[in-house]
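Here is a short briefing to read alongside the structure. Take a moment to turn the model around before going through the points below.

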Amino acid sequence: SLDFEFRFIPAWQHLSQLLAENYVGQKRLIKIDWLVSSRADETRPWNWYAQKDKGGGVLGAIGSHSFDYISWLLGSIKRLCGQLNTSISLRPDPEAGGELKPVDADDICTLILELNDGTPCQVCLSSVTYQGRGHWLEIYGSEGTLILGSDNQQDYVHGFRLWGSQKGQPLTEIPIPKVLEFTRIYPDGRIAPLLRVIDQWITGIEQGTSLTPSLKEGVYSQLLMDLTQESNATGTWVNVPDFESFLVNE
């Protein structure tokens, strides 16, 4: 599925600008928490999301997005170690009279990543956390700190705010420039960034060139999810192919 939306959300775009301006200096630690309660209710019906072979699970649902914005904002990944857990192992199937059916897809994913520049990155994803803190990205560096987050449990796009601090000063909210704002707000927050993705693709088609992000970035995120599955199955660190060489080989 398409996982580029966060590249086109105003607060995330401003975060990208600040990182490009070296706001945090040399990166020291990255922390990502994406903790929601969308599937915390054990009576939520068994469906494709509960089935690993149908692409279900929190890694595929939201981990794909995390892998894409990590690559976009922070650089490529050198190696990873992942653990997948299924905390709710049975769910009722309404098409089978409410019969409980086994769940083999993950609803919690924890990851340790080492970026190519050596920066450690911790990622915790969950769809079964009542009152989870929402979606937060914390970037700590030699010059300062940037924190982007939203506690909106109903909309995964609207509600992001950005805070920054340099040289130990108090965290202060950073306003998002008007020029980055969406021209229209839709009830479903995913629509506005998706329209920006489509507009860029149309521009690329008209220009006869491949603009970033392209399907190659999407395939790379899929590779990272596959490597996470491998790491979970083997209980080991897994090396990640360099992005540029991966593109050449593809």
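**Overall fold**

In the protein chain, 68% of the contacts with a separation of 6 or more are between residues 24 or more positions apart. Please keep in mind that this is a predicted model.

- The chain has five helices and eleven strands. Its radius of gyration is 19 Å, close to the 18 Å that the globule rule gives for 250 residues, so the chain is as compact as a globular protein of that length.
- Along the principal axes, the C-alpha atoms fill a box of roughly 55 × 45 × 40 Å.
- Of the 250 residues in the chain, 46% are buried.

**The largest pocket**

- A probe the size of a water molecule, rolled over the atoms, shows where empty space is left.
- The largest pocket has a volume of about 660 Å³. Its lining is made up of 26 residues, and S38, A61, I62, Y156 and R190 are the closest to the pocket centre.
- Helix α2 (residues 58–74) gives the most to this lining, with four residues.

**Helices α1 and α2**

- Helix α2 also meets helix α1 (residues 10–20): their axes come within 10 Å and cross at roughly 35°.
- On the α1 side, W12, Q13, L15, S16 and L19 make the contact, while α2 brings Y69, W72, L73 and L74.
- The residues of this contact are seven nonpolar and two polar, with no charged ones.

Definitions and conventions:
Residues numbered from 1 in each chain as written. Predicted model: local features only at pLDDT ≥ 70, side-chain atom pairs only at ≥ 80, totals over all residues. Heavy atoms only, no water. 1 Å grid on protein atoms, 1.4 Å probe; cavity = no way out; pocket = protein on both sides within 12 Å on 5 of 7 lines; lining within 4 Å. Points joined across faces, edges and corners; volume = space filled by probe spheres on them. Helix = DSSP H or I, 4+ residues; strand = E, 2+ residues; numbered from the N terminus. Axes fitted to C-alpha atoms, helices over the stretch in contact; angles between N-to-C directions. Contact = heavy atoms within 4.5 Å. Nonpolar A, V, L, I, M, F, W, Y, C, P; charged D, E, K, R; others polar. Rg over C-alpha atoms; globule rule 2.2 N^0.38 Å. Buried < 20%, exposed > 50% of the residue type's maximum accessible area, 1.4 Å probe, protein only.
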